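Please read the points below alongside the model.

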Amino acid sequence: MQRTYHRWHSPSLGREMELVVFGHSGAPVIVFPTSHGRFYEFEDRQMVAALEYQINSGWFQLFCVDSVFGESWYNYAVDTDARMWREEQYEHYLLTELLPLIRALNPNHFLIATGCSFGATEAVIFALRHPGVVNRVIGMSGLYDLRRFFSHYTQGLYFHNPVDFVPNIGDAWTLDRLRSTEIILVTGRDDPNAWSNELLSRQLWERGIGNALRLWDGWCHDWPYWMQMINRYIGGHP
């Protein structure tokens, strides 16, 4: 399997950022790590190995990125707006630095975003906040109401909290692009965050935005389950 490592100083974030790419062709897949994970987590947890056949066959190319979750969502030392501004800078990094790299390395314009746990949260937020950029998003065991991470609610949090901003999406341009995005939300029925998947799915349908909500029996919030999920849904929902 082709594996390449990239590192550069990010102008958007003012710090070094790293990522690793697996595969040589196929639909590019942005992979977000879990809450305290790093860009090498997907590989270390055998998720890349679980997709070895698809990657080596040239169906998918994984771009496993680093995060700044410790500087944004989990940075309890600063106020809400400062944390959300760091998240804005991270999304700017994805749009203006990561995406150009993907386009330079891969001519396939069908872009997929995915992640497990908080990586799923980030993938879905990115897809919903930037309509038309992502063609398919697969959120595995994500949480889509982030208010519990904050003691103060602000406008900045509103625009990054899916269950808050989705019900108010009204402009035709945004709706058209989100309606053409394949949204897959998969989690365990007994996952403590399952309710937020059901709520977000219902809110999306109420805006005419189709999505596939897949509730698996049990808890399913762990790597062996996520290996099964990614294999089942990376090619689209059955």
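1. Accessible areas here come from the Shrake-Rupley method with a 1.4 Å probe, and for residues only the protein chains shown count as cover. On that basis the protein exposes about 9900 Å², and carbon and sulfur atoms supply 51% of this area.

2. This is a predicted model, in which local features need pLDDT of at least 70 and side-chain atom pairs count only at pLDDT 80 or more, while totals for chains, interfaces and linings use all residues. Residues are numbered from 1 along each chain as its sequence is written, and side-chain values use heavy atoms, with hydrogens and water left out.

3. The protein has 10 helices and eight strands; these are DSSP runs numbered from the N terminus (helices H or I, at least four residues; strands E, at least two). Its radius of gyration is 17 Å, close to the 18 Å from the globule rule for 238 residues, so the protein is as compact as a globular protein of that length. The radius is taken over C-alpha atoms, and the rule is 2.2 Å times the number of residues to the power 0.38. Along the principal axes, the C-alpha atoms fill a box of roughly 45 × 40 × 35 Å.

4. Buried residues make up 58% of the 238 residues, where buried means under 20% relative accessible area, exposed over 50%, and partly exposed in between (1.4 Å probe, protein chains only). Of the contacts (heavy atoms within 4.5 Å) between residues at least 6 apart in sequence, 72% join residues at least 24 apart.

5. How many aromatic pairs does a search of the whole structure find? There are 17, counting rings of Phe, Tyr and Trp (its six-membered ring) with centres within 6.5 Å; planes under 30 degrees apart are stacked, over 60 edge-to-face and the rest tilted. Tyr-53 is exposed at 58% relative accessible area, and Trp-59 is partly exposed at 45%.

6. Tyr-74 and Phe-149 also pair edge-to-face, at 5.2 Å centre to centre and 85 degrees between the planes. Tyr-74 lies in the loop between β4 (60-65) and α4 (80-105), and Phe-149 in the loop between β6 (136-140) and α6 (155-158), so the pair ties together parts 75 residues apart in sequence. Tyr-74 counts as buried at 19% relative accessibility, as does Phe-149 at 10%.

7. Tyr-74 and Phe-149 belong to one aromatic cluster, whose members include Trp-8, Phe-32, Trp-73 and Phe-118.
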